[in-house]
Amino acid sequence: MTELSVVGKRIPRVDAKSKVSGRAVYFGDTVLPRMVYGKILRSPYPHARITKIDTSEAEKLPGVRATLTYKDVPRVITYIGHLHPPDTPLDRYILDNVVRYVGDEVAAVAADSPETAAEAVERIHVEYERLPTVFDPEEAMEPGAPKLHDEGEFIFDMDRNIASHIKLAFGDVEKGFKESAVVVGPEKFKVSAAHTNPIELYGCIAQWDPLENRVTFWAPSQMIFRFRTVLAHQLGLPENKVRVISPYVGGAFGSRCHVYPFHAIAAFLSKKTGGRPVKITLSREETYVGGTSNRHPGTLTLKMGAAKDGLFKAFDARIVFSAGGYAYVSSGPIGFCCSIITSLYRFGAYNVEGYNVYTNTPPSGAFRGFGGPQAHFALEQIVDMVAEELKLDPIELRKKNHVRVGDVIHWSGVEVRTCGLDECLDKGAEAVGWKRRYDSAYRGTGVKRRGIGVAMMEHVSGTKYIPGEAEITSAIIKLDESGKITLLSPAHELGQGSRTVATQIVAEELEVDPEDVVIPELDTDYLPYGLGSFGSRYTYVDGTLIRAAAADTKRQVLEWAAKKFDTTVANLEYKKGKVTVKGAPENTATLAEIVKFAQWYNPDDVGAIIGKATGPPLYNAPPFGVQFAEVEVDVETGVVKVLKLVAAHDVGKAINPTTAEGQLEGGLTQGLGYALTEGVIVDPETGKVLNSDLMDYKIFTALDMPETRVFLIEPIDPTGPFGVKGIGEPALVPTAPAIANAIYNAIGVRVKELPLLPEKILKALEEKQ
Amino acid sequence: MKKTIRLTVNGEDYTVSIEPFDTLNKVLREYLGLTGTKKGCDYGGCGSCTVIVDGRAVYSCMFWAGQADGRKITTIEGLVKNGELDPIQEAFIQHGAVQCGYCTPGMIMSTKALLDKKSNFTEMEAREAIAGNLCRCTGYVKIVSAMMSLAKKSSEG
């Protein structure tokens, strides 16, 4: 590979100046003329039928401009998620006369001020007929359990509340277990409903132009084009009558893949007000109770068999997720969880079955990792349990069994072209001081015990070859008369640095200064189609098409330069944003001169230079990662203190090492929270969320963070642009199991339920004695 | 029930007519259009609304507008002087301390309050200064390294 001048460099983020100065505009910062404020009335009951609803008292309040109930919106069966309709359950209406979790949307108001709107929703009179409830997904599948849905499409089994089901099998599992020297399990692991918790609140502004019959949304989004498709369906309009603009996004982590009911509610409120813009901003409490999506909670029951030499002979998994009241991206996380759990290791045989089950709890949805965190939390612990039975070092056992270059991932058909797992294991082990885990003096015998644990992970770079999914994006590069560049790319900037890496790729390819590249804001009206930022896809997928668009741009530049110099393209040389006739340096033209020539010089032959590319990426390279945790456990209080986290991830080529490290460092905090503190708690009696604020839902602060070290392992993947792989999601996936394994090393007790709270540690210690 | 308050924001004097329940956050964002100060909750849970009032970092969402009468307030917009970024802002950029950017103004204001009080601080003091500012993206690693680069600079100077 030729030497790179911009790619691989730590250039400052292109959005940093606007963000450090407070000039970056988020949807909440936008105020439009005649704008009114929407507020949603939410269900106090986990399952109920609305028998009477009366908004007249609300409407009498001065300043109220519109009210909305299920009677005012078209009865369109829809979904919240982002996957393609064919395998996504259509299971909800924008507003319905049945509510299925505490916090479900009942009605809405638009008023001149947020205070008036809040007062008005309190005045809506609703009578409910309570319906039987079920909160546990296992119970919800039992015969006779309360049924949540009696209409819808693509729901696997409505009578058993199963939204989606998946089954994956390979080889003879029974034979594999018989041939195993060691069999561990069935072991049941329980995972929590962690919330994405972006610092920016949820919401949007919608304006329905009554004369044009066209709706504009200002909505923080990870996928403006899929937002447009879902909203067009809900509003009964063609796509070109729906415009989605996504300003800067104050954190997403998967949760801004969903078109929530409030999006359409804002639009219908706007329509009712005669076209005034309606802003809905959910409160922080509504973040937790308003169905803005948790990571799927549930259970994973695993069994693993290994031969004496350590090779994994057989694996069995039964995974049950709680979907909540509605199945956002239903088949997605359960499908991915069941798939990825089969593909990090070379199992002789496996049998995996998964269910995503309706319960009367806040809905689960996309959250960084998309089923991966759950899969690896369980998988990476049972691997350690097998290692202990075999008296093998957990690293050695992993090295014996993990996938290798040339292996084909069964569920996707993807061949592994690069795999940095061994290097990740070795680097991380050295940095954490792995061997100390065997030293009883290090571990200690007093009140505070120390331990070290490891966990690995595998993921995807986008959605190509994921069953039922497509993968597509586009890029357009425009050259202007100053020779500067505008890149039209669906570069959803969520904080991960997509615009910065896109800028670096363009600057590298066209050999210009990164400052010469501008990327306009996200708007479905003029951007070319692309799926957005999710699934660790942007750099890998869009990077490929941006490179192709740059090549197309360069081709056009050379063709116009050939005309300008009356020669052939073969006789020209492109270097540092200039074109020179070979052997005649006096015949050199800048991009500005070539654009001017193309646009103006010959009346019969003019054209603008617009490079473009659209299509799929080349492949779907699996990224890998390894994390190590060092913990100190207080055996009297059960408090776990993480002393050190080491993350070594195979990211392929890092386009910008600073932003790549940023992904890992931030991922570690989220992984740490998933391990130790995070989870929305639903009261099993009332169905109410018990920790609906930032005081009770604890995310880590700067003071709580342990020492962290990150290593970027960069095997050059032949399928990614410049060798990249995805990194967005992998960062948090192995953290929780690494911590759980470290706790076991410290105290000889395994807590199989997230979060690993002190009371659970103490209980496990008591049971051991 | 409207009341008039006078306050100085980023060196400019304002007279604002407020409602009794208005917060400083609302005055800044809605009445003065200074939307660089964010809002992520209503109860001092996230710190994205942090501004400096008479030298002290406060949550503007929990600071009543009435209390701001006669006070000197600095917001993120006040840090850019004559088109030049403040050294804190430069450090955040150079160290890659910015991701989604939503916590950034609050982080920078907490850093400024610390730096104004103490030119040389320890890493623990830096972490304490931003302990009330949540970030969901960065793990605080590069934020703390940006802060420490400023501490070093001031100790050298």
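What we have is a predicted model, in which local features need pLDDT of at least 70 and side-chain atom pairs count only at pLDDT 80 or more, while totals for chains, interfaces and linings use all residues; side-chain values use heavy atoms, with hydrogens and water left out. Residues are numbered from 1 along each chain as its sequence is written, and chains are lettered from A, and ligands numbered from 1, in the order in which they are written.

The model scores ipTM 0.97 and pTM 0.97.

Let me start with chain A, where an open sheet of 5 strands has the order β7-β15-β14-β13-β8, with mixed pairing; strands (E, at least two residues) and helices (H or I, at least four) are DSSP runs numbered from the N terminus, and two strands pair if DSSP finds at least two bridges between them. The edge strands of this chain A sheet are β7 (162-170) and β8 (182-191), each of which pairs on one side only, and the twist averages 5° from one strand to the next. Within the sheet, β14 (residues 312-324) and β15 (residues 350-358) of chain A pair in the parallel sense over 9 bridges, and A:Ser322 stands opposite A:Val357 in β15(A). Helix α9 (residues 331-340) of chain A lies across β7, β13 (298-306), β14 and β15 of chain A, running at about 20° to β7(A), where angles run from 0 to 180 degrees between N-to-C directions and axes are lines fitted to C-alpha atoms, for helices over the stretch in contact.

Elsewhere in chain A, helices α14 (residues 498-510) and α15 (residues 538-564) pack at an angle of about 30°, with their axes 9 Å apart. α14(A) and α15(A) are therefore roughly parallel to each other, given that angles under 35 degrees count as roughly parallel, over 145 as roughly antiparallel, 65 to 115 as roughly perpendicular and the rest as oblique. Residues in contact, meaning heavy atoms within 4.5 Å, include A:Val501, A:Ile505 and A:Glu509 in α14(A), and A:Ile546, A:Arg547 and A:Ala550 in α15(A).

Turning to chain B, 5 strands form an open sheet in the order β2-β1-β5-β3-β4, again with mixed pairing. At its edges stand β2 (12-18) and β4 (56-59) of chain B, each with a single partner strand, so one side of each is left without a neighbour in the sheet. Neighbouring strands here are turned by 40° against each other on average, direction ignored. Strands β3 (residues 50-53) and β5 (residues 72-74) of chain B run antiparallel and are joined by 2 bridges, with B:Val53 opposite B:Ile73 in β5(B).

Helix α1 (residues 24-31) of chain B lies across β1 (3-9), β2, β3 and β5 of chain B, at about 105° to β2(B), whereas α3(B) touches β3, β4 and β5 of chain B, its direction making about 30° with that of β3(B). Helix α3 (residues 104-117) of chain B also packs with α2 (residues 87-94) of chain B, at an angle of about 125° and with their axes 10 Å apart, and α2(B) and α3(B) are therefore oblique to each other. Their contact is made by residues including B:Ile88 and B:Phe92 of α2(B), and B:Met107, B:Ile108 and B:Leu115 of α3(B).
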